[in-house]
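Please consult the sequence and the structure shown below while reading.

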Amino acid sequence: MTDAAHDASRRERLARWAAERHGLAPEALDLRLAAGDASFRRYFRLTLPDASRRMLMDAPPEQEDSRPFVAIARRWEAAGLPVPHLHADDLAAGFLELEDLGDTPLQQCFDDAAGQRAWLGRAIALIHELQNRAGPDELPRYDAALLGRELDLFPDWCLGEWLGLAPPPGWAALRQALVESALAQPVVTVHRDFDAMNLMVRGDALVLIDFQDAVAGPVTYDLVSLLRGRYRRLAREAFADMVEAFRRRAVADGRLPASTGEATFLAWADAMAAQRSLKVLGIFCRLTLRDHKRGYLERLPHFLAHLEESLAGLTGHDAFRAWLTETFRPALLARLEEAA
């Protein structure tokens, strides 16, 4: 079966499932494709006869396991966190019916500096709520093995597959240091992709989506996912100020020992941001090469800049930083020009 035929078959099955739930004929459904993402999931907007709307998720079970999403959605909603209400699910088929949150992800509210600061403040407040309300005990652990696998995406896909480069001087030492820094941090609930695209605007509040990969992991992870994400770059001073404000709130809430000083917490944030930037560089190359999703290439320089800024805040790793400037950056930009 071709990809197009498979997609059409899935859509027909999804329409029959939704129609049966709502007592409608499949051909009478107002069902329209709303979005796809970096995975194999697709989202359809269902408009019912009374004009109410639902979002239908199509997640083929042979490629996507929706059980974590369903379990987390129910736990987090019960904990009072803003997540889309789950109306129904058929896990065997890979179909979910969810609350429709509209079409405004957070990045669309970053038009001006004042608005960006206000919305970033709301998003950071939501990280505090997530860490305070949702315990990490039932989540997979963000352990050394997972951290290492993520880091290895950089030499495997970005260097080897995309650029044809060998791992650079200092890579092994940097890899170990970043893993150790992450493991040294207090363990909290981590969304793991707390990016502006995964925060939907509802009025003056935010709602969490795409949380199926949540883990029990480092306290700084979601913060740096937001502050060093794909849509904006913050000046060093602004980044440090927001990290320090987060540290003070985490200490006040009891999630962070009072003995964790400002310099230590900032170094944790920089190391965590470096780990995530390296992972993203690898993932975006993998999405391009393996999954034929070329729209991610244009974001590689953005995350390289994040990586450079993050490493500048850490001591040591001089050989790796020099390699980034002298070898990696020119090779990456040349390869992107070839691919354009």
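The model is predicted, so local features are taken only at pLDDT of at least 70 and side-chain atom pairs only at pLDDT 80 or more, whereas totals for chains, interfaces and linings use all residues. Residues are numbered from 1 along each chain as its sequence is written, and side-chain values use heavy atoms, with hydrogens and water left out.

**Salt bridges**

Side chains of opposite charge can pair when their charged atoms come close. With a salt bridge defined as a side-chain nitrogen of Lys or Arg within 4 Å of a carboxyl oxygen of Asp or Glu, a search of the whole structure finds 30.

| Pair | N to O distance | Separation in the chain |
|---|---|---|
| Arg 10 and Asp 58 | 2.5 Å | 48 residues |
| Arg 45 and Asp 100 | 2.6 Å | 55 residues |
| Asp 270 and Arg 228 | 3.0 Å | 42 residues |

Arg 10 forms a salt bridge with Asp 58. This pair links distant parts of the chain, joining helix α1 (residues 3-22) to strand β3 (residues 53-58); helices (H or I, at least four residues) and strands (E, at least two) are DSSP runs, numbered from the N terminus. Arg 10 has a relative accessible area of 4% and is buried, and Asp 58 is also buried, at 2%. Buried means under 20% relative accessible area, exposed over 50%, and partly exposed in between (1.4 Å probe, protein chains only).

The side chains of Arg 45 and Asp 100 likewise meet in a salt bridge. Arg 45 lies in strand β2 (residues 42-47), while Asp 100 belongs to the loop between β5 (95-99) and α3 (113-133). Arg 45 is buried at 12%, as is Asp 100 at 14%.

A further salt bridge joins Asp 270 to Arg 228. Asp 270 is in helix α8 (residues 262-289), and Arg 228 is in the loop between α6 (221-227) and α7 (236-253). Both residues are buried.

Beyond these pairs, a network of salt bridges links Glu 129, Arg 133, Arg 249, Asp 253 and Arg 255.

**Helix α2**

Helix α2 (residues 67-78) comprises 12 residues and spans 17 Å from its first C-alpha to its last, close to the expected 16 Å; the expected span is 1.5 Å times one less than the number of residues. Its buried residues include Phe 69, Val 70, Ile 72, Ala 73 and Trp 76. The buried residues of α2 pack against β3, β4 (86-90), β5, α3, β6 (187-190) and β8 (205-208), where contact means heavy atoms within 4.5 Å. After α2 comes Gly 80, with a positive phi near 90°.
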